[in-house]
Amino acid sequence: MSQSHSPRRTKILATLGPATDPPGVLDALLKAGVDVVRLNFSHGDPSSQVARAQAVREAAQRVGVEVGILADLPGPKIRIERFAEGRVLLKAGDRFDLIAAENPPPGNLREVGVSYLGLPGDVAPGDVLLLDDGLLQLRVGAVDGDRIVTTVLNDGALSDRKGLNKLGGGLSLGALTERDKELIGVAAQIGVDFIAVSFCRNAQDMNDARRIAREAGSDAALVSKIERAEAIENLAEIVDASDVVMVARGDLGVEIGDAELPGLQKKIIRESLARNRVVITATQMLQSMVDNPIPTRAEVLDVANAVIDGTDAVMLSQESAAGRYPVKAVEAMSRICLGAERQFDHDTDFEAAPRNLERADQAIAMAAMFLSEHIGVRAIVAMTESGGTVRFLSRFRSNAPIYAFSRHAGARRRMALMRDVYPIDFDSRGMASRDAARNVVKQLFDSGMLGVAERVIFTSGDTMEQHGATNTLRLLQVGEGGAAEGLGEL
């Protein structure tokens, strides 16, 4: 229950890594306000991620919070191979070749291997290739068999296994590698709550990942990482095929250029909310905190802007996984979110809301939000099996917190990523809807979240154990001792 007392509405994801492994750090992170942890399957072997997941579940129990686990698949990240000396210093104007062959020789000042053997077919003279997140740029001059001849455009150091992108996108590899498919099995075995698909291009990539996850026995929510130029072109279909959308600003910024990134971030957040999906903003949010105990003003503004744009969650990567101040980074993130939320002037435009709703739970959610906006309520209480109604509720920005009561631990952990939502363990089996209402209002009153004479919206189904059965909305008032008034004859 302690998490429900937190007034922060925006959720925090923190990546685990060497910095979070020492004893006590995980507990401190959860106490500082982490809602979901990220296991980055690009680093370390699967057994280390299995151990971290186990440690998270144990820490969550000790601290007394619901914490989701997100498994982030590596995807088809294109990397150069290794150099004989570990790194080279390249000069503008030099010729430098990329060799797309099995077992290329160790790299040197003139050439290096590249992991994606199909690269020669995806590039043409004049294309610009970006290495190491754009720090080094190469212009393609010619393609000769498996050798791509390029000219170095700027001075810079290049070291082993750095990433490679093509300016403007257009690389044809699919999102799910054979390795990703194996790792989905590991994620299923761990029982993760979210699986993130890197470099997805279209809805098919997400549908394939979902099918593989379900076949492996996982009911995890699927997260699409928007980080390729192609994904922007197919944004609507990708959002519809996902449960959660991540604005993955690292590779996206490299492919489309930094100048386009702020506008695109806003567009992705807007599109996700409009299509009833949860959205995460990620990458380098507090990057200076890898080495420093306080963030820069620019980073504070970056996080605050994402919150004001309506993101559900903000994410720490290297800051928590490998930085010197993982707990301070979470505390800073929490402080910034709270500050931005205080300035956030939401105004739900119900005229723009979708018409002709096909689902009862969506209609109930919209009615609840309309009431919340127009008559003022202290809280919205939702009885939920899967979290579906709660997701619809949280798409509308309101001043009222949403307390989501569910008996399913997995549903509660998935709801831990939704803005404004505070999941609470509650077993409503065998209860009539009005009995459940009476019990949860009393529980919230006893824990100090509701006071006498405050109004509450309560949503549920007639039958408690059915998924997607929400069809009832009640407006209640808290009476003396936490009694729920407005239920008719009790």
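How many bridges join strand β20 to strand β21? Seven bridges connect β20 (residues 455-461) with β21 (residues 470-478), and the two strands run antiparallel. The model is predicted, so local features need pLDDT of at least 70, side-chain atom pairs count only at pLDDT 80 or more, and totals for chains, interfaces and linings use all residues. Residues are numbered from 1 along each chain as its sequence is written, and side-chain values use heavy atoms, with hydrogens and water left out.

**Strands**

Helices (H or I, at least four residues) and strands (E, at least two) are DSSP runs, numbered from the N terminus. Two strands pair if DSSP finds at least two bridges between them. Opposite T470 in β21 stands G461. Strand β21 is also joined to β22 (residues 484-485), by two bridges in an antiparallel arrangement. Here E485 in β22 is the bridge partner of Q477. A hairpin is formed by β21 and β22, with five residues between them. In its turn, G481 has a positive phi of about 70°.

**Aromatic rings**

A pair of aromatic rings is described by the distance of the centres and the angle of the planes. Rings of Phe, Tyr and Trp (its six-membered ring) pair if their centres lie within 6.5 Å; planes under 30 degrees apart count as stacked, over 60 as edge-to-face and the rest as tilted. The structure holds two aromatic pairs, listed below.

| Pair | Centre to centre | Angle between planes | Class |
|---|---|---|---|
| Y403 and Y422 | 5.8 Å | 40° | tilted |
| F405 and F426 | 5.6 Å | 90° | edge-to-face |

Because Y403 lies in strand β18 (residues 402-406) and Y422 in strand β19 (residues 421-425), their pair ties together parts that are 19 residues apart in sequence. Y403 is buried at 3% relative accessible area (buried means under 20%, exposed over 50%, partly exposed in between, with a 1.4 Å probe and protein chains only). Y422 also counts as buried, at 6%.

**Charges over rings**

A charge sits over a ring if NZ of Lys or CZ of Arg is within 6 Å of the ring centre and within 35 degrees of the ring normal. K11 lies over the face of Y422, 5.6 Å from the ring centre. The charged end of R391 sits over the ring of F392, at 6.0 Å from its centre.
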